[in-house]
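Good morning, and thank you for coming.

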Amino acid sequence: MFDRYEAGERAILVHIHFSTEDDREDLQELEMLVSSAGVQSVSVVTGSRNTPHPKYYVGEGKAEEIAQAVRQYDANVIIFNHALTPGQERNLERLCECRVLDRTTLILDIFAQRARTHEGKLQVELAQLRHLSTRLVRGWTHLERQKGGIGLRGPGETQLETDRRLLRIRIKNILARLEKVSKQREQGRRARQRAEVPTVSLVGYTNAGKSTLFNYLTDSGVYAADQLFATLDPTLRRIELADVGPAVLADTVGFIRHLPHDLVAAFKATLQETHDATLLLHIIDCSDDRVADNIEQVQLVLDEIGASDVPQLLVMNKIDQCEGIEAHIDRDDEGQPLRVWISAQQGLGTELLLQSISELLSGTMVEQQLHLAPTEGRLRSQLYQLDAIVAESIDESGNWLLDIRVPHIEWQRLCKHYAKQLGNFVNSIERD
């Protein structure tokens, strides 16, 4: 019988360089993941290969080197910066006599530590169970035996078959509970759509500064730290935007290269906020040497969740860590904002960011001259609440003559509620 070893807090990190671009990982990112998981890295083993070895992922000589490092540094866990097969994990654990984790399991462990809400915990458990179910396909040898002894004799079911059945039952229960959460979120989204309240969703590579910016814009206390996946549970807050009115700002989980597919599937309800957003703020750490690669990785995840067509505004964050960069807006040929350079930590350029969001959400501005009777005080009051009145005068009959400037979306709302009164407007002008 082969029992799995318990994972500990002293880790040997293994990073293999591959010639193909698709298999490349980043060693620095692995070290940040390990630190985020609360594990101490005592040694790093590196090597180069053209393709993974079928038995140990690394070559037999490198596997012996890893086993020697485990004994030398008294390590109790080996963490690979790659995805291992169940057979490779089992072979390495037999050789090194300690627990072996791959990149996917490490990320799942971090997510399990970060989950705070009931929904978040369910999503993480679902991802872990789906990942574990693949580990049972070629599981440990003791799972292949039938249970025996008084009180344990069943209908000829092996331990492996029992575990598979229990996993299927638990996954089915979690999916049912998450479906209820998904329906509740969908109701909230439909309510916002009926009220025509735009949703602005923060997306970006993990540790790009999304939660720091979210806290600055909404004066919230969302947990923000210089670590990967500091945010897991989504948070929604209402903000007021000039020329737009109320909007919803959503802080979401960060993305990472080769994000486990089980995680993307499990967090479908959460990521739906991104899919249905009116505008995406793509937060980018401009001080990171891998800016272009990080942008590409985020785009890949957006493609996977079907959010690639949602309008984006690039937010180049952390300019305080770069020399010679001031807060400013980059615009396209039509004058629309493309990129905003800010520092969420220092509060630099945030007013430019809000201005850019307002420009992109407000779309066309409607300018009207309205002729209102004295009995239309309610409509006049509504226009003042929207800060839409530019000039006001009264004619000889006591009617109000109003010059208004209002976002097109607000004009549509007014037309729904005051269709009869607004049918008499004159000199209507619409301009971008």
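**The aromatic cluster**

Phe 18, Tyr 57 and Phe 80 form one aromatic cluster. Before I go further, please note that this is a predicted model, in which local features need pLDDT of at least 70, side-chain atom pairs count only at pLDDT 80 or more, and totals for chains, interfaces and linings use all residues. Residues are numbered from 1 along each chain as its sequence is written, and side-chain values use heavy atoms, with hydrogens and water left out.

The structure holds 2 aromatic pairs; rings of Phe, Tyr and Trp (its six-membered ring) pair if their centres lie within 6.5 Å, and planes under 30 degrees apart count as stacked, over 60 as edge-to-face and the rest as tilted. The ring centres of Phe 18 and Tyr 57 are 5.8 Å apart and the planes stand at 80°, so this pair is edge-to-face. Because Phe 18 lies in strand β1 and Tyr 57 in the loop between β2 and α2, the pair ties together parts that are 39 residues apart in sequence. Helices (H or I, at least four residues) and strands (E, at least two) are DSSP runs, numbered from the N terminus.

Tyr 57 and Phe 80 also form an edge-to-face pair, with 6.1 Å centre to centre and 85° between the planes. Here the loop between β2 and α2 is linked to strand β3, which holds Phe 80, across 23 residues. Are Phe 18 and Tyr 57 buried or exposed? Both are buried, that is, under 20% relative accessible area, with exposed meaning over 50% and partly exposed in between (1.4 Å probe, protein chains only). Tyr 57 and Phe 80 are likewise both buried.

Let me turn to the sheet. Its 4 strands form an open sheet in the order β2-β1-β3-β4, with parallel pairing; two strands pair if DSSP finds at least two bridges between them. The edge strands, each pairing on one side only, are β2 (40-49) and β4 (99-101). Strand β1, residues 10-18, pairs with β2 over 9 bridges, and His 17 stands opposite Ser 48 in β2.

Finally, I come to helix α7, residues 210-218. How many of the 9 residues of α7 are buried? The count is 7, so the helix is mostly covered. Among the buried residues of α7 are Leu 213, Phe 214 and Leu 217. Just after α7, Asp 219 takes a positive phi of about 55°.

Definitions and conventions
Axes fitted to C-alpha atoms, helices over the stretch in contact; angles between N-to-C directions.
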